[in-house]
Amino acid sequence: MAVFCFSLTGFTQVQTEGDYVSEVWVADQGDGTYKNPILHADYSDPDVTRAGDDYYMTSSSFNAAPGLPILHSKDLVNWELINYALPKQVPIEHFNTPQHGNGVWAPAIRYHNNEFYIYWGDPDFGIYMVKTNDPAGEWSAPILVMEAKGAIDPCPLWDEDGKAYLVHAWAGSRAGVKSLLTVHKMTPDGTKVLDEGRHVFDGHENHPTIEGSKFYKRNGYYYIFAPAGGVSTGWQLILRSKNVYGPYEEKVVLEQGSTKINGPHQGAWVETPQGEDWFYHFQDVDAYGRIVHLQPMSWKNDWPVMGEDKDGNGIGEPVLEYKKPKVGKPYKVVTPKETDEFTEDSLGIQWQWNANPNLLWYAKLPGNDYLRLFSIAQPEEAKNLWEAPNILLQKFPAPVFTARSKITLVPEDADKSRKVGLIVMGRDYFTLTITQKNGEYYLQQTEAKNADKGSEEEIVNEKRLKSNTVYVKVEVAAPKAECQFMYSENGKKYKEIGEPFNARVGKWMGAKVGLFSISPSGAKRGGYADIEYFRIEE
């Protein structure tokens, strides 16, 4: 397997050789079938494009940085995280502080004229685009294709006559109206919208909150694939017309029906070289985020048919298991990376920060088999860790898993307490924190309920430690992401600390797990923590 590298301002990541296989979630069942979800992680609003025999996926990343994850697959089931298209969120200064729920909303990825394009809507600034000829390499700087307040979920379409169009939805929170889809003319190079646009569909009566638009053309029909009815309760709507501006016919093609897969919608139609059709969509599962499913798809009377129509009402329902796509030959099982032993020269690709990264937050030196996180002073305005930018996080990877780490705190003669630890982050967050008081080391279990509303972090339980090194872990259990912190001073015998708690969603994203190293606001520089490993296990 190739080695992919890219350098960010203040952040460098490398996808190392070797195939990573998760201990906690693998969709490929090894017998020619797969199980849904194919990604039990918060790759929200997924979109996929094909280039030859290769498939590339991206998804919403909101305020997390780097943003716009790039995943690669050869068989539509086994996916590897290989890159990010957006090293830092723009405008950079704006996103240097946490902007929960803002940033990258519902991107579309397309392969056109031997280049890859990604369009996304930032609800506060407008519609951006980046492009590249190598998805695993460097992407172009973002271009603001259309300045607008509330324009979201864009998707381009290049027609056979060379003309280019862009469809998008509207966020009611910014635009003052939603449930509308609008089409614009665009320059053939995809860099600028040329007009104010024309509304092509109004979903207020029958398809409220229509959004997530994806643009296609097939057999002379223009198609807009768009979800409606809400994130966790909606359905997949298909619009078609012989004219790019309509009028559009409508048909619901995927619904929850008798299944447990709520709100199945918003994703990507993919056609294989072998002539098969497939559809990716997400399912909102609360603290676990919006996880990714793969449905078989076919065409009947120029309408897509998705999943299986179990009750005969003409609308498909999601499948939980199915035969794998025909892609010509078998490929190895591979999953997005989770565990990081910190033996490489840079952070693992699975990590994202709470805001645009800063090189001074950490050190990962060649030859050092640990990660050093510096004790960065919190911003003066930060009421808790929800507002701290230097929180290092990754997605919940499965319904049941354990995250464990070995952490050493070096306070460097601090006159104000340094704190480092394990965190489960969401609108509520919970930590297992190592700190120093009066020359001794303590382990604190803390929580901040309604952290997004500025509540203070509280100490729930505290234990004195024998040294400045401790082994920590959190066990996560289904179905409601119930968590229990545990610790050990020798790495062998673990004890519970505090009471179980339920992880809670972030703003438009699932809960995350990760690490932090901080000092109080106004603290002098100095202090750090060394992290020997971060492992995701059964």
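The model is predicted.

**Pockets**

The largest pocket has a volume of about 520 Å³. Its lining is made up of 17 residues, and those nearest the centre of the pocket are Thr-49, Arg-110, Tyr-111, Tyr-216 and Trp-269. At least two lining residues come from each of strand 4 (47-51), strand 8 (105-112), strand 12 (151-158), strand 16 (214-218) and strand 20 (265-271).

The second largest pocket holds about 370 Å³ of space. It is lined by 21 residues, with Trp-105, Ile-152, Glu-211, Val-231 and Trp-508 closest to its centre. Strand 8, strand 12 and helix 1 (172-175) are the elements that give two or more residues to this lining. Strand 8 and strand 12 each supply at least two residues to the lining of the largest pocket as well.

The linings divide by residue class as follows.

**Gly-229**

Where does Gly-229 lie? Gly-229 is in the loop between strand 17 (221-228) and strand 18 (235-241). Leaving aside residues up to four places away in sequence, Gly-229 touches Pro-208, Thr-209, Gly-234 and Trp-235. Lys-463 is 234 residues away from Gly-229 along the chain, and 48 Å separates the C-alpha atoms of the two.

Technical notes
Residues numbered from 1 in each chain as written. Predicted model: local features only at pLDDT ≥ 70, side-chain atom pairs only at ≥ 80, totals over all residues. Heavy atoms only, no water. 1 Å grid on protein atoms, 1.4 Å probe; cavity = no way out; pocket = protein on both sides within 12 Å on 5 of 7 lines; lining within 4 Å. Points joined across faces, edges and corners; volume = space filled by probe spheres on them. Helix = DSSP H or I, 4+ residues; strand = E, 2+ residues; numbered from the N terminus. Contact = heavy atoms within 4.5 Å.
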